[in-house]
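This report walks through one protein chain, beginning with a single side chain and ending with the fold as a whole. Please keep the sequence and the model open while reading.

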Amino acid sequence: MQSGREKAYAYLKDVVLTDPEMQDRFLSEQDIADRIGVSRTPIREALLLLAAEDLVRLVPKRGAHIAPLTAREISELMEMRGLIEKFAAGHTTARGCAPLAEMAQVLAFQETLRGEESAKEFIAADHRFHATLVAAVGNTLMSRQYDALRSRQIRAGVIALYQSGDRRGEVLAEHRRILERLTAGDAAGACTAIESHIEATQRILLSS
């Protein structure tokens, strides 16, 4: 059973911090406590953990602030994603262990998601598509590092969807290309497809 702090941490990281509308806003400890049914103490404890991860900024007398993603943060996020995902593509292709069926299943689900109300779920599936590939490497530390990017990745992905009306269809096409190259055993082609996918999102985010 989750402790109050664990419950608050999971809610803040997976629900609040991945919401683009929460960018540049201060969090109300009492509001969050009321939403998830815990006292303010575990909320404060969870916020301290998130501040240590640079996901929120604690401002004296004002509370926890969710700063908008900066151009530098976006660039660093995409660079880290590229390093991990391309390594995973090369590693799993060389060893014949790319999780093709699992990735195809995630992609098929992602293709069913329509409309603005499903934007967050769509990008969560985007993360799952890539995380499935990373997990297939079998390096627990790498998977943990990649999962640590999740809240920033989902927030950035949802913003990109809102900024570009065609982005949803482009993401699906880019995922298909990645999966096609992995299926063909083409590590270099898969890496190129991953690069193109990440660079497309980065261009949209930095163009605003």
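## A buried serine in a loop

Serine 118 has a relative accessible area of 7% and is therefore buried, where buried means under 20% relative accessible area, exposed means over 50%, and partly exposed covers what lies in between, with a 1.4 Å probe and protein chains only. Serine 118 sits in the loop between α5 (100-110) and α6 (119-135); helices here are DSSP runs of H or I with at least four residues, strands are runs of E with at least two, and both are numbered from the N terminus. A polar atom of the serine 118 side chain lies 2.8 Å from the backbone oxygen of arginine 114, within the limit for a polar contact, which is a pair of N or O atoms within 3.5 Å; within protein, one atom must be able to donate a hydrogen and the other to accept it, and residues adjacent in sequence count only if both atoms are side-chain atoms. Once neighbours within four places in sequence are set aside, serine 118 is in contact with Leu113 and Arg168, contact meaning heavy atoms within 4.5 Å.

## Basis of the values

The model is a predicted one, in which local features need pLDDT of at least 70 and side-chain atom pairs count only at pLDDT 80 or more, while totals for chains, interfaces and linings use all residues. Residues are numbered from 1 along each chain as its sequence is written, and side-chain values use heavy atoms, with hydrogens and water left out.

## Two residues of helix α4

Threonine 92 belongs to helix α4 (residues 71-95), and its relative accessible area of 0% means that threonine 92 counts as buried. The side chain of threonine 92 reaches the backbone oxygen of alanine 89 at 3.5 Å. Not counting residues up to four places away in sequence, threonine 92 touches Cys97, Ala98, Leu133, Ala136 and Val137.

Glycine 90 is also placed in helix α4, but with a relative accessible area of 25% glycine 90 is partly exposed.

Aspartate 126 lies in helix α6 and counts as buried, because its relative accessibility is 6%. When neighbours within four places in sequence are left aside, the contacts of aspartate 126 are Arg81, Gln110, Gln153, Val171, His175 and His197. Arginine 181, which is 55 residues away in sequence, has its C-alpha 17 Å from that of aspartate 126.

Threonine 192 is found in helix α10 (residues 187-206) and is partly exposed, with a relative accessible area of 46%. The C-alpha atoms of threonine 192 and arginine 181 are separated by 9.3 Å, the two residues being 11 apart along the chain.

## Positive phi in two loops

Aspartate 54 has a phi near 65°, a positive value in a residue other than glycine. Aspartate 54 is located in the loop between α3 (40-52) and β2 (57-59), and at 58% relative accessibility it counts as exposed.

Lysine 61, likewise not a glycine, has a positive phi of about 70°. Lysine 61 occupies the loop between β2 and β3 (63-66), and its relative accessibility of 89% makes lysine 61 exposed.

## The chain as a whole

The chain contains 10 helices and three strands, which follow one another along the sequence in the pattern α-β-α-α-β-β-α-α-α-α-α-α-α. For 208 residues a compact globule would have a radius of gyration near 17 Å, and the 18 Å of the chain agrees with this; the radius is taken over C-alpha atoms, and the globule rule is 2.2 Å times the number of residues to the power 0.38. Along the principal axes, the C-alpha atoms fill a box of roughly 55 × 35 × 30 Å.

Of the 208 residues, 47% count as buried, and among contacts with a separation of 6 or more, 74% come from residues 24 or more positions apart. The chain exposes about 10600 Å², of which carbon and sulfur atoms supply 51%; accessible areas come from the Shrake-Rupley method with a 1.4 Å probe, and for residues only the protein chains shown count as cover.
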